[in-house]
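Subject: Structure for your review

Dear colleague,

Please find the structure below, followed by a summary of what was found in it.

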Amino acid sequence: PILETSRSITIEDQEAIIEKGFARLDEVLTYSAGVSGQTFGFATRGDWSRVRGLEVPQYQDSLQSLFGNYNNTRPDIYTLEQVEILKGPASTLYGKGSPGGLINVVSKRPEVESRHEVVTSLGNFNYTSLAVDSTGAIDDDESWLYRGIARYRDEETQVDFVDDKTLVLAPSLTWR
């Protein structure tokens, strides 16, 4: 249990992400104590961050996803179940890490219970977004599960002539 773990851990689950209105991963990271999101200022190319002042590795579903500076693919916040931040030197127990910590983003996975969601959003800088999330069982004995996530986002940014457009298609299938 997290209460019995003698490490500094921050977990932002999907409910907290929605309640706080985060639109990007770097916003989630900035909200956490001891973490600096947007290390180099506003950027549309990646989510660079530091934990306790040090560069940290980024994992997706417990596999390292960020190697270096120029391959930073941004996970879309709508496709994430939760964001986990482990702070301090205990992070080096989980592979080549940093004494500052590590960041792990957990993807949404197929679920047995059938759920369907359509979300539209409007906001500043001509922000528009349409997102769809559908999950459930394919067969009666629930051995095959599916999840389909799609999102289109288009917005201008605080920098003239720099737009931020995203199209995400994330299908997943589970066989149990």
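The largest pocket is lined by 17 residues, and those nearest its centre are Phe22, Ile77, Tyr78, Ser121 and Arg151. A pocket here is an open set of points on a 1 Å grid over the protein atoms alone, where a 1.4 Å probe fits, with protein on both sides within 12 Å along at least five of seven lines; lining residues have an atom within 4 Å of a point. Two or more lining residues come from each of α1 (14–20), β9 (115–123) and β10 (127–137). The volume of this pocket is about 370 Å³, taken as the space filled by probe spheres set on the points, which are joined across faces, edges and corners.

Please note that this is a predicted model, in which local features need pLDDT of at least 70 and side-chain atom pairs count only at pLDDT 80 or more, while totals for chains, interfaces and linings use all residues. Residues are numbered from 1 along each chain as its sequence is written, and side-chain values use heavy atoms, with hydrogens and water left out. Helices (H or I, at least four residues) and strands (E, at least two) are DSSP runs, numbered from the N terminus.

The largest nonpolar core has 14 residues, among them Leu29, Val83, Ile85 and Ile103, which have the most contacts inside it. Such a core is a set of buried Ala, Val, Leu, Ile, Met, Phe, Trp, Tyr and Cys residues joined through side-chain atoms within 4.5 Å. Buried means under 20% relative accessible area, exposed over 50%, and partly exposed in between (1.4 Å probe, protein chains only).

As for charged pairs, the count comes to 14 salt bridges, each being a side-chain nitrogen of Lys or Arg within 4 Å of a carboxyl oxygen of Asp or Glu. Arg24 pairs with Glu27 (3.5 Å, N to O) and also with Asp164 (3.5 Å, N to O). Asp164 lies in strand β12 (residues 163–175) and Arg24 in the loop between α1 and α2, so this pair ties together parts that are 140 residues apart in sequence. Both Asp164 and Arg24 are buried, whereas Glu27 is partly exposed at 26% relative accessibility.

Lys108 is in the loop between β8 and β9 and Asp133 in strand β10, 25 residues apart. Lys108 is buried at 6% relative accessible area, and Asp133 is buried at 4%.

Yours sincerely
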